[in-house]
Amino acid sequence: MKIAFILHNLSFLGGTQRLVLNLARTAKKQGYQVKVYTLAVDREHTYPNLLEGLDVIALADRDPDALRLAHGAKFLGLFSRPNYLIYWQWRNRIFKKLALLIDADTELLCPVGFHAYVAAHYFKKIKNDIPSVYLLLTFPLKGWLLWRAGEVNSAFRLSPLKQFCYWCM
């Protein structure tokens, strides 16, 4: 069986990174074919002992310009300041590129975290009959915090446009 672990970033030390690499190594020891897909990897500083022997495919290695968020980028041709809408559009674009790197004969997807789920979503559009095991190890706090911020600080307000965008997500 071919398993694809999808992870947001392997360029820093963290519990999620260590857990995914341990899961991938364990699956490989049990005879599965395992590949880890990520946006970026630092092979020298991010658990080099766990990366050893694993097939890690990073978008930054294949397309270094893909990870740059262009200054002056616009969302819907209107918003030019760096903001969450531009980041959201950029994030979807780079995870779509990451999804295109996943082998077509992969039999199981394992996206780890809410960002990696975007890549799994795009891959499922290509191969829609593939099962996936979604590991939510990090809670997407930004939207939740903004919705709950009014309970903590009564002066906090979101613009109607941002409210609509968070509602759409």
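Which residues does F95 touch, not counting residues up to four places away in sequence? In this predicted model, local features need pLDDT of at least 70 and side-chain atom pairs count only at pLDDT 80 or more, while totals for chains, interfaces and linings use all residues. Residues are numbered from 1 along each chain as its sequence is written, and side-chain values use heavy atoms, with hydrogens and water left out.

**View 1. Surroundings of F95.** Leaving aside residues up to four places away in sequence, F95 touches H8, L39, H115, A116, V118, A119 and Y122, where contact means heavy atoms within 4.5 Å.

**View 2. The largest nonpolar core.** This core has 22 residues, and those with the most contacts inside it are I6, Y37, L59, F95, L98, I102 and L109. A nonpolar core is a set of buried Ala, Val, Leu, Ile, Met, Phe, Trp, Tyr and Cys residues joined through side-chain atoms within 4.5 Å, and buried means under 20% relative accessible area, exposed over 50%, and partly exposed in between (1.4 Å probe, protein chains only). A second, separate core of 20 residues includes V34, V36, C110 and V112.

**View 3. K127 in its loop.** K127 is found between helix 5 (116-126) and helix 6 (141-152), helices being DSSP runs of H or I with at least four residues, numbered from the N terminus. With a relative accessible area of 23%, K127 is partly exposed. Not counting residues up to four places away in sequence, K127 touches A104, D105 and T106, and its side chain reaches the backbone oxygen of T106 at 2.6 Å.

Conventions
Helices (H or I, at least four residues) and strands (E, at least two) are DSSP runs, numbered from the N terminus. A polar contact is a pair of N or O atoms within 3.5 Å; within protein, one must be able to donate a hydrogen and the other to accept it, and residues adjacent in sequence count only if both atoms are side-chain atoms.
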